[in-house]
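Student: Please take a close look at one part of this model and describe it in detail.

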Amino acid sequence: MTNTDFPILDTQVYNHRLVYLDNAATTQKPREVIETLTNYYLTLNSNIHRGAHYLAAQATERYEEVRRKVQQFINAASSSEIVFTRGTTESINLVASSFGQAFLHSGDEVIVSGMEHHSNIVPWQLAAQRAGATLRVIPFSDQGVLDLDAYRALFSSRTRIVACTHVSNTLGTVNPVAEIVAVAHDHGVPVLIDGAQAVAHMPVDVQHLGCDFYCFSGHKMYAPMGVGVMYGREELLSQLPPYQGGGEMIKDVTFERTTYNDLPFRFEAGTPSVGDVLGLGAAIDFMQRQGIDNIGRHEEQLLRYATDRLSALPGIRLFGTAPHKAGVISFLLGDAHPYDVGTLLDKLGVAVRTGHHCTQPIMDRYGIPGTVRASLACYTTRDDIDALVDALGRIAPMLM
Ligand code: C6P
């Protein structure tokens with residue numbers, strides 16, 4: 001792979017080479033994904049599932065082909081378990097809303113982990129408020145490792161669902177999802193996994209993990225913004241009421257009553273973002289050509305290199321030092337505000353994210369306002385890490 005696969009990486013920022021280390025926010029898009037999107041609008045654009053004409057039939061076929069591709073990508077048992085959404089946030093809201101309506105009652109409990117993105121907290125809070133249920137929170141250690149004994153102790157006869165992230169977007173921790181699921185299933189409780197930060201970095205097999213729901217965004221795995229996936233195990237998904245009403249999710253409508261469509265269409269009301277879905281298909285092809293194991297190994301080596309180099313800098317504090325991590329490094333430089341660090345890095349061409357990363361409870365846990373976060377992708381190089389470390393060395397005297 002070269003930069004010609006990712007044209008944007010040739011960008012100059014304030015006369016510096018762009019060093020893009022904000023991949024947990026969104027990855028850049030390979031040329032073939034951009035071309036797939038462009039070609040869709042140049043040659044195929046039409047609404048799907050409804051037109052009686054050539055373009056509509058072609059677009060529908062391509063769209064459904066991507067659904068089967070996603071099924072294989074995460075090893076779902078059936079393509080009807082794959083629901084296209086706008087992203088992880090919409091996927092989790094869909095489950096929290098529908099599951100909440102069907103299964104949450106006054107006095108019930110929802111278990112979430114203490115390292116969730118707001119997208120896997122607030123939808124459950126909303127569902128819990130509607131039902132009169134409460135959230136119970138799995139604590140984590142200073143290193144950023146979930147306390148599984150505490151997790152086991154959280155279960156009660158009122159526990160209805162567990163919602164947990166696969167990989168923390170702030171700490172980088174890779175959580176032991178299969179174990180988390182097994183514990184919940186021992187109590188007869190289903191599990192939703194937020195896979196937003198996992199799918200681009202490691203192979204994901206939903207049947208092996210055993211989870212009941214698995215949610216992710218296309219834009220964090222080299223696909224366009226505007227498309228995401230909600231995987232739901234068919235047996236459970238078929239018991240959930242629709243999330244949104246509208247076209248395509250119905251079989252029959254009168255003013256008195258509506259019968260709903262089969263899975264997965266029941267959960268895809270309205271016109272979907274067809275071009276973005278095709279772009280997701282191209283992104284999966286791209287990742288599979290690189291080899292997801294190869295991407296994971298590459299990022300793991302870089303993470304080790306970056307951790308070693310950053311740890312050697314005077315005054316640095318790392319947040320998230322779990323033994324099993326993905327390519328996310330959160331840190332503070334002395335007492336400097338993360339925003340100041342990020343702004344000065346930007347002037348040297350280094351793009352990082354600063355702030356609470358939509359995980360305010362993590363910041364509260366450590367008693368800090370935010371962190372500086374560097375995050376990796378398949379195109380990240382040692383040169384990028386060196387550029388980050390050199391830039392930090394240059395700005396440190398201004399801030400400390
Ligand atoms: N995290 C980050 O910079 P959406 O916005 O729907 O594509 O994804 C939401 C989301 C859910 N869960 C996790 C673990 C995430 O990391 C994210 C998005 C970005 O960390 C933007 S806040």
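Student: How many nonpolar, polar and charged residues does the shell around the ligand have?

Tutor: This is a predicted model, in which local features need pLDDT of at least 70, side-chain atom pairs count only at pLDDT 80 or more, and totals for chains, interfaces and linings use all residues. Residues are numbered from 1 along each chain as its sequence is written, and side-chain values use heavy atoms, with hydrogens and water left out.

The shell around the ligand has four nonpolar, nine polar and four charged residues (Ala, Val, Leu, Ile, Met, Phe, Trp, Tyr, Cys and Pro count as nonpolar; Asp, Glu, Lys and Arg as charged; the others, Gly among them, as polar). In total, 17 residues surround the ligand, where a residue counts if one of its heavy atoms lies within 4 Å. The closest are Thr89, Asp194, Gln197, Ser217 and Arg353. Domain 1 (33-288) and domain 2 (291-399) each supply at least three residues of this shell, with bounds from an automatic or database domain assignment.

Polar contacts are pairs of N or O atoms within 3.5 Å; within protein, one must be able to donate a hydrogen and the other to accept it, and residues adjacent in sequence count only if both atoms are side-chain atoms. A side-chain N or O atom of Thr89 is 2.5 Å from an oxygen atom of the ligand, and a polar side-chain atom of Gln197 lies 2.7 Å from a ligand oxygen. On the side chain of Lys220, an N or O atom is 2.9 Å from a nitrogen atom of the ligand. The ligand taken alone exposes 510 Å², of which the protein buries 87% (Shrake-Rupley method, 1.4 Å probe; for residues, only the protein chains shown count as cover).
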